[in-house]
Amino acid sequence: MIQVSETAKKKVIDLMSEGGFDATSDYVRVGVKSGGCSGLSYELDFDKEMRETDKVFEDNDVRIIVDKKSFLYLVGTVLEYSGGLNGKGFVFNNPNAQRTCGCGESFSL
């Protein structure tokens, strides 16, 4: 399961609306790919369609889809949004990550 904080929910809904997506019927696609300074990096995008092998979650009124491979790396992750002085953006609080880079965009197990 992937959870969405209240601040991330608000930002996701705003960005989806700006991008022509509908938060009640479209999805936030979350994934992991090779790369980044720690070995794996996070992906976040919007999608109107679900693939056959996707896992679907809904938390805090946000519909999330994750591909099967990425799901193994993201179980228990909380998607948050930080708008503080040190930067602004989505933050993945991933309990599976043993090491993360300084920017928070990549991790390793």
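1. Ala-23 sits in the loop between helix 1 and strand 2. Helices (H or I, at least four residues) and strands (E, at least two) are DSSP runs, numbered from the N terminus. The model is predicted: local features need pLDDT of at least 70, side-chain atom pairs count only at pLDDT 80 or more, and totals for chains, interfaces and linings use all residues. Residues are numbered from 1 along each chain as its sequence is written, and side-chain values use heavy atoms, with hydrogens and water left out.

2. Is Ala-23 buried or exposed? Ala-23 is buried, because its relative accessible area is 16%; buried means under 20%, exposed over 50% and partly exposed in between (1.4 Å probe, protein chains only). Leaving aside residues up to four places away in sequence, Ala-23 touches Ile-13, Met-16, Asp-61 and Arg-63, where contact means heavy atoms within 4.5 Å. Its C-alpha atom is separated by 9.8 Å from that of Lys-48, 25 residues apart along the chain.

3. Helix 1 covers residues 6-18, 13 residues in total. From first C-alpha to last it reaches 19 Å, close to the 18 Å expected at 1.5 Å a residue; the expected span is 1.5 Å times one less than the number of residues. Just after helix 1, Gly-20 has a positive phi of about 85°.

4. The buried residues of helix 1 are Ala-8, Lys-9, Val-12 and Met-16. Seen down the helix axis, they fall within an arc of 100°, so they line one face of helix 1; the arc is that of the directions from the axis to the C-beta atoms. Lys-10, Ser-17 and Glu-18, on the other side of helix 1, are exposed. The cover over the buried residues of helix 1 includes strand 2 (27-34), strand 3 (40-47) and strand 5 (62-66).

5. The largest nonpolar core has 20 residues, and those with the most contacts inside it include Val-28, Ile-64 and Val-66. Such a core is a set of buried Ala, Val, Leu, Ile, Met, Phe, Trp, Tyr and Cys residues joined through side-chain atoms within 4.5 Å. Elements giving two or more residues to this core include helix 1, strand 2 and helix 2 (68-74). Among the residues that Val-66 touches beyond four places in sequence are Ile-2, Val-30, Phe-57 and Leu-74.

6. Overall, the chain has two helices and nine strands. Buried residues make up 39% of its 109 residues.
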